[in-house]
Amino acid sequence: MDGDSLVLSMRVVVGRPFDRTPVLSDTMRYLVLNPYWHVPSNIATTELLPKLKRDPSYLGRYKLRVFPSSRLDAQEVDPATVDWSTVTAARFPYLLRQDPGPRNALGRIKFMFLNKYHVYLHDTPARPLFEETQRDFSHGCIRIQHPIELAVYLLRNDPRWDRDALLAALDDAEDRTVPLPEPMPIHLLYWTAWADADGTIQFRRDIHDRDVPLFIALRAPPPSKE
């Protein structure tokens, strides 16, 4: 939104019922082109480890690298030297990092606003999910349908970053941080009912079970003055 004017609208994929996207207000300050994906430990242990046990070649196919820690000087571990059958979720001494590329879980761009929930907006290779009616498939971050258009809009006041320059940088396939020319306020909201411009009332399922606590709070008597 620019004031009361809608300048860009798109579909999103949000968190699953057990990985709810938070409601928050923050400030977006930069974006990352061709990002690496540092796999969160819970995803590495609960989702990827079982796949590695069945098929160690999974790492190579998805350009996932193995490191002993998140230190910048950490030496990469050859996954062929790891006996994955002995690795457990409770004892998983590795960091998994996915290289930029067409299979990267974050797509080609991520939009950063530092927050305690570690969520952000990002592109995705799973484009067919935007055609679903109910799009709650993520681990909490928000996958956006038109990342190029959003990036062009956010960088519109920086003469170095028109659409052609942005596409050329993405084609370089190198991880690159781009500061926004001005900070952008961002609000993650959760609405199950709203009114369209023509007055039509829209209702949606409460997939994150937030309406009942809100209803109870609104129905509660005012606090005592004593």
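Okay, let's start with Trp 191, which sits in the loop between β10 (176–188) and β11 (193–195). Helices here are DSSP runs of H or I with at least four residues, strands are runs of E with at least two, and both are numbered from the N terminus. Before I go on, this is a predicted model, where local features need pLDDT of at least 70 and side-chain atom pairs count only at pLDDT 80 or more, while totals for chains, interfaces and linings use all residues. Residues are numbered from 1 along each chain as its sequence is written, and side-chain values use heavy atoms, with hydrogens and water left out.

So, is Trp 191 buried or exposed? Trp 191 counts as exposed because its relative accessibility is 58%; the cut-offs are under 20% relative accessible area for buried, over 50% for exposed, and partly exposed in between, using a 1.4 Å probe and protein chains only. Together with Val 23 and Leu 189, Trp 191 makes a nonpolar patch on the surface, with about 350 Å² of accessible area in total. Patches take residues with over 30% relative accessible area and no salt bridge, joining like charges within 9 Å and nonpolar side chains (Val, Leu, Ile, Met, Phe, Trp, Tyr) within 5 Å. The areas come from the Shrake-Rupley method with a 1.4 Å probe, and for residues only the protein chains shown count as cover.

Now let's go inside. Helix α3 (residues 147–154) is mostly covered, with six of its eight residues buried. Those are Pro 147, Ile 148, Leu 150, Ala 151, Tyr 153 and Leu 154. What covers them? Among the elements doing that are β2 (24–33), β6 (109–112), α4 (163–171) and β10.

Then there's the largest nonpolar core, which has 48 residues. A core like that is a set of buried Ala, Val, Leu, Ile, Met, Phe, Trp, Tyr and Cys residues joined through side-chain atoms within 4.5 Å. Phe 113 is one of the members that touch the most others, and Met 28 and Trp 84 are also among them. If you skip neighbours within four places in sequence, the contacts of Phe 113 (heavy atoms within 4.5 Å) include Leu 24, Met 28, Leu 121 and Ile 186.

Three strands line up as β3-β5-β4, in an open, antiparallel arrangement. β3 (37–38) and β4 (64–67) are at the edges with a single partner strand each, so one side of each has no neighbour in the sheet. Strands pair if DSSP finds at least two bridges between them, and β4 has four to β5 (residues 95–98). In that pairing, Arg 65 has Arg 97 in β5 as its bridge partner.

Last topic: charges. How many salt bridges are there? The count is 10, taking a side-chain nitrogen of Lys or Arg within 4 Å of a carboxyl oxygen of Asp or Glu. Arg 16 and Asp 19 make one, with their closest N and O atoms 2.5 Å apart, and both residues are buried. Glu 149 and Arg 163 make another, at 3.8 Å from N to O. Glu 149 is in helix α3 and Arg 163 in helix α4, so this pair ties together parts 14 residues apart in sequence. And we meet two arginines again: salt bridges with shared partners link Arg 65, Glu 76, Arg 97 and Asp 99 into one network.
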